[in-house]
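Subject: Handover of a structure and notes on its contents

Dear colleague,

Please find below the structure that I am handing over to you. My notes follow it, arranged by topic.

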Amino acid sequence: MSDPEQLSLSDRRRALIFANIMLSCIATTIMATALTTALPPIVADLGINMQTGQWLTSGYSLAIGIVMPLTAFLITRFPTKPLYLAGAALFIVGSLVCVAPVPFAVIMIGRVIQACGNGLLMSMAQVVLMTIYPDNRGTIMGWYGLAVGVTPVIAPTLSGLMVDTFGWRSIFYLVIAVMAVSLIAACFVFCDVLKTSRRSFDMLSFAVSVVAFGGVTLGIGNIGSMPFVSTTVLLPLVLGVAASVWFVMLQLKRERPFLDVRILRNRGFALSVIGSMLLYFAMMGSSVMLPLYVQTIKGGSASMAGLVGLPGSLAMAVISPMAGRLYDRFGVRRLFLIGGICLTVSNLCMGLLPLAASIWVAGAINVARSLAIGCLMMPLVTWGTSCAGEGRLADANALLTALRTIAGAIGQAVFVGMMTALAASAHSGGMDLAAADMRGLNLTFLAMGACAVPLIIIPLVFLRGEMADRHAN
């Protein structure tokens with residue numbers, strides 16, 4: 001067991017590590033959502049359909065989810081600094097593959113490499129910050145949430161302007177430059193702040209986790225383009241569910257599990273996981289729907305699609321640090337309730353939006369969605385990992401992030417497929433193309449609203465008393 005260095009960290013060193021993590025997270029988070037706006041031009045450039053092209057975003061999330069269980073092992077096995085540098089290097093290599101003049105399949109490989117680096121950096125960032133700032137985790141995670149929460153909303157605006165001006169590959173050039181600066185800076189400011197111990201790598205558990213997470217996501221993701229009773233859907237889904245059961249049984253039998261799933265027995269952690277999964281399921285679906293609405297249905301440009309999301313970006317910038325301070329002061333229940341209401345109402349409003357409405361009405365509705373993300377995203381992570389206990393930070397963070405990321409990938413694939421199928425059905429029934437697309441979008445957002453209702457029920461029914469109000473300590 002190696003001793004961490006955080007006890008000897010000066011305030012200046014902590015601040016530099018925090019700044020470096022923020023810079024890396026901005027770069028990696030841009031790539032998680034920027035392609036939603038750039039998707040139509042990419043699809044046209046590569047000569048593929050939208051159903052295939054959306055795997056550049058949902059496949060990216062899937063890869064992060066698959067690699068996340070591995071990060072719990074890596075964080076507790078290898079020193080902090082070299083592991084962090086390796087994650088940044090992987091992300092840069094994947095980005096370089098994506099900008100090369102290569103076919104779609106090779107770009108997908110680059111996105112997977114990117115996702116591996118992003119998954120490692122994302123997992124490490126949260127564990128490192130909660131370790132070096134043990135006394136004000138809510139506040140520091142609120143500022144971290146400003147990067148991982150606001151960037152996905154700003155990214156479509158930025159990418160829209162860049163796509164219209166320089167082409168879609170310019171997005172990758174931007175993040176390569178930012179991550180290169182972060183990598184160089186990390187060589188000087190980072191140090192080994194997390195405890196490590198010698199442990200063997202459980203190859204069987206890792207292999208089973210890949211089949212489990214990958215199978216479930218692929219199977220559900222294919223429902224949008226294939227009948228449910230088909231090999232493409234049922235085979236990966238059945239394999240994924242069976243592997244998930246096997247994975248849990250393996251971990252329960254291990255004295256030193258690959259990923260400690262026993263922490264799901266903690267009521268607070270389990271509720272934070274459920275809340276995070278519901279948030280990402282609805283959130284990632286709507287992140288694709290809004291640009292499609294502006295560009296495909298309303299005939300706007302990529303830049304316009306980005307600008308429609310700008311008011312939401314400003315709302316997120318205000319609420320994220322405030323949410324962190326409110327969490328430190330009041331606990332998670334009030335934030336949970338406000339976030340659930342905002343997410344449900346915003347989705348239902350988009351479900352009732354008429355075709356003739358201005359795109360800026362959708363922009364105003366998106367503000368409520370952004371407020372929901374700010375109230376829920378980081379407070380749920382901070383609360384859940386705090387419930388798990390100090391010795392399980394890496395496992396709790398990996399498990400929560402993996403499950404919510406996969407939920408987001410499933411939501412994105414399911415809702416894109418749902419919108420496509422509903423629009424096609426309406427068009428074949430005699431509606432003109434624009435009205436049919438709008439009907440598909442409306443019904444899809446209503447479905448998202450229904451999925452967000454449990455985020456209101458959980459704090460009202462399950463988070464009463466001291467557990468929710470006192471950080472579940």
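Which residue forms a salt bridge with Asp202? The partner is Arg254, and the closest N and O atoms of the two residues are 2.8 Å apart. Please bear in mind throughout that this is a predicted model.

**Salt bridges**

Asp202 is located in the loop between H7 and H8, and Arg254 in the loop between helix H9 (231–253) and helix H10 (267–297), so the pair ties together parts that are 52 residues apart in sequence. With a relative accessibility of 14%, Asp202 counts as buried, because the limit for that class is under 20%. Arg254 has a relative accessible area of 25% and is partly exposed.

In the whole structure, the search finds 3 salt bridges. Another of them joins the side chains of Asp45 and Arg169, with an N to O distance of 3.8 Å. This pair links distant parts of the chain, since Asp45 belongs to helix H1 (residues 11–46) and Arg169 to helix H7, 124 residues apart. Asp45 is partly exposed at 47% relative accessibility, and Arg169 is partly exposed with a relative accessible area of 22%.

A salt bridge also connects the side chains of Asp260 and Arg262, again listed with its N to O distance, 3.8 Å. Asp260 counts as buried at 10% relative accessibility, whereas Arg262 is partly exposed, its relative accessible area being 22%.

Val99 lies in helix H4 (residues 80–99) and counts as buried, with 11% relative accessibility. Leaving aside residues up to four places away in sequence, Val99 touches Arg169, Phe172, Tyr173 and Ile176. The C-alpha atoms of Val99 and Gly110 are separated by 8.9 Å, and these residues are 11 apart along the chain.

Helix H1, which holds Asp45, also contains Pro41. Pro41 is partly exposed, with 27% relative accessible area. Its C-alpha atom is separated by 7.2 Å from that of Trp168, although Pro41 and Trp168 are 127 residues apart along the chain.

**The loop between H7 and H8**

The loop that holds Asp202 is also where Arg198 is found, between helix H7 (169–189) and helix H8 (203–221). Is Arg198 buried or exposed? Arg198 is exposed, with a relative accessible area of 73%, because values over 50% fall in that class. The C-alpha atoms of Arg198 and Arg77 are separated by 6.0 Å, and the two residues are 121 apart along the chain.

**Helix packing**

Helix H5 (residues 104–132) and helix H15 (residues 393–428) pack at an angle of about 140 degrees, and their axes are 10 Å apart. That angle makes H5 oblique to H15. The crossing of H5 and H15 is right-handed. On the H5 side, the residues that meet H15 are Met122, Ser123, Gln126, Val127, Met130 and Thr131; on the H15 side they are Leu393, Ala394, Asn397, Ala398, Thr401 and Arg404. Sorted by class, the contact of H5 with H15 has 6 nonpolar, 5 polar and 1 charged residues.

H15 also packs with H10. The axes of H10 and H15 come within 7 Å and cross at roughly 35 degrees, and the crossing is right-handed. The residues of the contact of H10 with H15 comprise 20 nonpolar, 8 polar and 1 charged.

The remaining pair is helix H13 (residues 333–351) and helix H17 (residues 454–461), whose axes come within 7 Å and cross at roughly 155 degrees. H13 is therefore roughly antiparallel to H17, the cut-off for that description being over 145 degrees. From H13, the contact is made by Arg333, Phe336, Leu337, Gly340, Ile341, Leu343 and Thr344, and from H17 by Leu455, Ile456, Ile458, Pro459 and Leu460. By class, the contact of H13 with H17 has 9 nonpolar, 2 polar and 1 charged residues. The crossing of H13 and H17 is left-handed.

With kind regards

Note on methods. Residues are numbered from 1 along each chain as its sequence is written. This is a predicted model: local features need pLDDT of at least 70, side-chain atom pairs count only at pLDDT 80 or more; totals for chains, interfaces and linings use all residues. Side-chain values use heavy atoms; hydrogens and water are left out. Axes are lines fitted to C-alpha atoms, for helices over the stretch in contact, and angles run from 0 to 180 degrees between N-to-C directions. Helices (H or I, at least four residues) and strands (E, at least two) are DSSP runs, numbered from the N terminus. Angles under 35 degrees count as roughly parallel, over 145 as roughly antiparallel, 65 to 115 as roughly perpendicular and the rest as oblique. A crossing is left-handed if the near helix is turned anticlockwise from the far one by less than a right angle, and right-handed if clockwise. Contact means heavy atoms within 4.5 Å. Ala, Val, Leu, Ile, Met, Phe, Trp, Tyr, Cys and Pro count as nonpolar, Asp, Glu, Lys and Arg as charged, and the others, Gly among them, as polar. Buried means under 20% relative accessible area, exposed over 50%, partly exposed in between (1.4 Å probe, protein chains only). A salt bridge is a side-chain nitrogen of Lys or Arg within 4 Å of a carboxyl oxygen of Asp or Glu.
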